[in-house]
Amino acid sequence: MKLSRMVSITAACVLALSAGFVSAEDFEDDDDQGETHFRSNQYPNYQYPNVYNKYLQPVVTAIDYHTRVIYLFNYEIDKLIIVDPASIVGWPGDLPLQHTGVLPGADVIYITTDNTELHSSYIIALRVDHIDWDAGSVTLSLESVLAADSPNTPAELPFVEPVNDVQDVPNWIVGRGTQLHGFTLLPFTKYAYLAEWTADKMRVIDLETNNFASVDPISIPGYTEQTHGVTFNKSGTIGLGTGYFFDNSVIDVYEPNRATGDLQVVGQIQLGNERRHAAFTHYVYWLDERFALTASMQLDKTSLTPATTRKIIPPSVWLLDTLEGTATKIIRHTNRVNGRGVFRSPSDLAVVNGKLYLAEEDSIDPTFGEDGYISIWDLTDRYNPRFIKRLKPGRDLPEGYAVAHTISPTPDNRHLLVASWVSGYVLKLDTQTDTIVKVWGPGDGLVQPHGLFSAGSDR
């Protein structure tokens with residue numbers, strides 16, 4: 001258990017943060033710094049019609065679990081392009097897709113796939129040669145296919161089963177082979193990271209070569225297992241990894257080497273203590289160089305819960321202080337849909353214009369997939385968020401909307417795209433009015449959209 005490996009992180013974080021408040025210009029003469037992931041020296045000098053140049057592009061990528069297609073959303077003009085990957089020359093086969101990533105210029109898209117009896121789990125780099133939003137067409141060329149393992153590799157997750165009628169253990173968590181999750185970028189470098197969530201590995205990609213970095217894979221016992229990825233602060237000096245599994249109650253803290261892409265352990269932050277703790281975290285969201293937020297999903301005990309644990313703190317939001325190495329619960333659970341707390345398990349979160357947005361999903365309790373909500377909070381006082389409202393299915397959200405799973409803010413912070421892989425929707429939320437202003441859903445061909453990534457973001 002990670003709880004037995006807790007270490008003090010204060011001193012190490014002080015060292016990491018002492019150089020944390022920097023800009024890209026600070027790295028220009030430092031040979032120890034990596035190259036920028038913006039790849040600006042590789043953009044063409046001409047512009048494709050209606051789309052690609054050296055500037056940030058209004059593109060969000062995703063995949064579909066069921067139909068195994070790739071989605072490209074243009075959030076400025078509300079356009080959608082659906083790509084059958086079988087049409088891409090060199091595509092390795094009929095693969096279950098998992099996550100996406102895209103560079104700021106939207107000139108390269110990354111797709112991860114799950115392991116099968118016939119195929120390894122892959123990280124696939126696609127070059128975007130041409131796109132026409134009006135015609136709904138895109139030309140993609142395969143740049144690389146990286147095999148992360150061998151075919152028919154099973155998951156290495158701990159055995160777990162329910163012990164009461166409150167906390168379920170659904171098959172979508174424990175029933176499949178290798179999965180590559182959580183594509184993130186290390187700012188001001190040429191490195192991207194993915195979590196081999198079903199094993200004890202972080203995968204590192206060199207974006208200049210679209211190959212595995214020399215430090216890949218990174219495996220640190222007690223840290224890199226059961227994580228959904230590592231997310232870095234804006235200066236790229238500290239990374240936080242989640243505990244994306246039952247009874248995993250710690251956030252891992254790393255210091256990255258921007259020259260090599262390696263990760264050095266700094267310590268762990270526990271959500272609570274051994275007797276009372278929260279567990280099962282999907283993502284973190286950085287507020288600044290020092291503070292970040294995370295949200296826990298687990299509702300109650302499972303067969304993995306230690307005997308020393310008296311209580312699992314139900315779904316809640318936590319403020320992480322990476323200088324002090326502490327976690328403070330700032331939003332508690334509520335059992336009422338109109339309650340001023342976390343109602344469903346919050347899988348993702350984002351902070352835009354001083355407001356916290358929580359994707360509340362119904363995916364790990366016995367009522368799987370019945371509903372899903374987006375709650376909004378005033379974060380003027382980060383230690384005391386003020387509840388604003390909760391967007392609900394059939395009123396603010398489409399009828400039948402369930403499992404608000406992933407939030408992807410646009411780089412200008414004007415909109416959030418929120419995906420539901422259970423009910424088949426991607427929603428565009430206006431952060432000024434806090435209303436849904438565009439709906440893509442089953443009528444547009446969506447079935448199980450997942451893995452949103454906005455060009456210009458780091459995760």
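Strand β14 (residues 250–256) is mostly covered, with six of its seven residues buried. Buried here means under 20% relative accessible area, exposed means over 50%, and partly exposed lies in between, using a 1.4 Å probe and the protein chains only. Strands are DSSP runs of E with at least two residues, helices are runs of H or I with at least four residues, and both are numbered from the N terminus. Before going on, please note that this is a predicted model: local features need pLDDT of at least 70, side-chain atom pairs count only at pLDDT 80 or more, and totals for chains, interfaces and linings use all residues. Residues are numbered from 1 along each chain as its sequence is written, and side-chain values use heavy atoms, with hydrogens and water left out.

Let us look at the neighbours of β14. Strand β13 (residues 239–241) pairs with β14 in the antiparallel sense over three bridges; two strands pair if DSSP finds at least two bridges between them. Gly 239 has Tyr 254 of β14 as its bridge partner. Strand β15 (residues 263–270) also runs antiparallel to β14, and seven bridges join the two. β14 and β15 form a hairpin with six residues between them, and Gly 261 in the turn has a positive phi of about 90°. In a regular strand the side chains alternate between the two faces of the sheet.

Now move along the chain to strand β22 (residues 345–352). Eight of its eight residues are buried, so the strand is largely enclosed by the rest of the structure. β22 pairs with strand β23 (residues 355–361) in the antiparallel sense, over seven bridges. Ser 345 finds its bridge partner in Glu 361 of β23. The hairpin of β22 and β23 has two residues between the strands. Asn 353, in the loop between these strands, has a positive phi near 55°, although this residue is not a glycine. At 51% relative accessibility, Asn 353 counts as exposed.

Where else does a residue other than glycine take a positive phi? Asn 152 does, at about 65°. Asn 152 sits in the loop between β7 (137–147) and α2 (171–174), and is exposed, with a relative accessible area of 52%. Another backbone detail to find is the cis peptide bond that joins Asp 216 and Pro 217, with omega about -5°. Pro 217 is placed in the loop between β11 (211–212) and β12 (230–232).

Next come the charged side chains. A search of the whole structure finds 17 salt bridges, each being a side-chain nitrogen of Lys or Arg within 4 Å of a carboxyl oxygen of Asp or Glu. In one of them, Arg 127 meets Asp 129, and the closest N and O atoms are 2.7 Å apart. Arg 127 is partly exposed at 34% relative accessible area, whereas Asp 129 is buried at 14%. These two residues and Glu 143 are linked in a network of salt bridges.

Another salt bridge brings together the side chains of Arg 344 and Asp 371, at 2.8 Å from N to O. Arg 344 lies in the loop between β21 (326–331) and β22, and Asp 371 in the loop between β23 and β24 (372–378), so the pair ties together parts that are 27 residues apart in sequence. Both Arg 344 and Asp 371 are buried.

Which buried residue has no salt bridge? Glu 289 is buried yet has none, and the nearest side chain of opposite charge, Arg 258, is 7.9 Å away. In this count Lys and Arg are positive and Asp and Glu negative, while His and the chain ends are not counted. Glu 289 lies in the loop between β17 (281–286) and β18 (291–296). A polar atom of the Glu 289 side chain lies 3.4 Å from the backbone nitrogen of Lys 234.

Finally, step back to the whole chain. Its secondary structure comes to two helices and 30 strands, and 61% of its 459 residues count as buried. Among contacts (heavy atoms within 4.5 Å) between residues at least 6 apart in sequence, 58% join residues at least 24 apart.

Methods: Polar contact = N/O pair within 3.5 Å; in protein donor to acceptor, adjacent residues only side chain to side chain.
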